[in-house]
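Subject: Structure handover

Hi,

Here is the structure I promised to pass on. Please open it alongside this note.

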Amino acid sequence: MLIQKEVRSVLNKHKKRDSWFLDDYSVNPYEGCSCNCRYCYIRGSKYGENMEEKLAVKVNAPDILEKQLASRARKGEYGIVFVGSATDAYMHHEKELKMTEQFLRVLLKYCFPVFVSTRCPLILRDVNLLKEIDKAAILPADLQGKLNRGVILATSVSTMSEEIARTLEPGAALPVQRLEMIQQLKEEGFLAGVNAIPVLPFISDTEEEIDRMVSSAANHQADFILVGGLTLFGDGPADSKTLYFKFLERKFPHLITQYRQLYGNNFYPSRRYQDELQEKANRLCTKYGISNSILETAAAQSKG
Ligand code: SF4
């Protein structure tokens, strides 16, 4: 049973544009997420071990969004809005509740560009609406001439292994289904790609596994693939670090020491690890002729 919640604000303005996804704002129609990924960065004691039990729908959010966007539009403060930055905008409750669809209608009305990353093929329901936004959106002045698109779509993939994905991402579509969804979105004419974020240290960050992800993304016609490391927060019973280490104990107990060395008391793996991961990803992107940057993709497409 979904909790019904009233909110006072729904549009979050970032201090700085996200350098990977290019969003200046984010909105979340739901609180929590039924994809229930064990490593999810939003996990904390507030959401509980099973996020689905604490899941809430922000019932008045479309009206609040309308007021907030009208005010930003009046001032000309256009920017890309990440729909579902702390939830999956197309998790299975969306089929019935249509909150994301209502959000998109308001975004279209005020001509705001959007970024959506989802692990759920339900996004295909909104293809026509997204096409209207793609045409009508007004980009922020500094992106005009560089992006030329009002919609950027993506999916996230942490591994191509079905078995690991079923354990770690129990409520999401399987990785290959997500890539098929991206292929369909490409065939519909969208700028669409893959976030290989987070890749899993010593499990899906090997040369062979990243090769599998990058080549699969290229084979499904993705425009880009962004590769990033795993963050692990907290030591409470429902926090991502705790749940992830439980997963390691069950499936990869021989890796626990390596993980402890890599993370220590930090949320992030070491800088050296991140640099090596990036170098590996860039090399494989070159090998398969796929971009590792949304802006570069858009620039190449506008020249072509
Ligand atoms: S789909 Fe995203 S928001 Fe949902 S649980 Fe997984 S990582 Fe978290």
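First, a caution. This is a predicted model.

The largest pocket has a volume of about 1,200 Å³. Its lining counts 41 residues. Closest to the pocket centre are F21, Y41, S85, I197 and T231. By class, the lining of the largest pocket holds 20 nonpolar residues, 15 polar ones and 6 charged ones. Which helix gives the largest share of that lining? Helix α10, residues 271-288, with 5 residues.

The ligand

The ligand sits in the largest pocket. Around the ligand you will find C33, C35, N36, C37, C40, M51, T87, D88 and R119. Cysteines C33, C35, C37 and C40 are among them. The shell around the ligand splits into 5 nonpolar, 2 polar and 2 charged residues.

T100 belongs to helix α3, which covers residues 99-109. Is T100 buried or exposed? Its relative accessible area is 1%, so T100 counts as buried. Setting aside residues up to four places away in sequence, T100 touches P29, Y30, V83, A89, Y90 and E94.

P62 is in helix α1, residues 61-74. P62 has a relative accessible area of 8% and is therefore buried, the cut-off being under 20%. Beyond its neighbours within four places in sequence, P62 is in contact with M99, Q102, F103 and V106. There is also a distance for P62. Its C-alpha atom and that of E296 are separated by 33 Å. Along the chain, P62 and E296 are 234 residues apart.

S216 is found in helix α7, residues 207-219. How is S216 classed, buried or exposed? Buried, because its relative accessibility is 13%, and the limit is under 20%. What does S216 touch, once residues up to four places away in sequence are left out? The contacts of S216 are M160 and L179.

In brief

The ligand sits in the largest pocket, whose volume is about 1,200 Å³. Helix α10 supplies the largest share of the pocket lining. T100 is buried at 1%, P62 at 8% and S216 at 13%.

Over to you.

Best wishes

Definitions and conventions:
Residues numbered from 1 in each chain as written. Predicted model: local features only at pLDDT ≥ 70, side-chain atom pairs only at ≥ 80, totals over all residues. Heavy atoms only, no water. 1 Å grid on protein atoms, 1.4 Å probe; cavity = no way out; pocket = protein on both sides within 12 Å on 5 of 7 lines; lining within 4 Å. Points joined across faces, edges and corners; volume = space filled by probe spheres on them. Helix = DSSP H or I, 4+ residues; strand = E, 2+ residues; numbered from the N terminus. Nonpolar A, V, L, I, M, F, W, Y, C, P; charged D, E, K, R; others polar. Near = heavy atom within 4 Å. Sits in = over half its atoms within 2 Å of the grid points. Buried < 20%, exposed > 50% of the residue type's maximum accessible area, 1.4 Å probe, protein only. Contact = heavy atoms within 4.5 Å.
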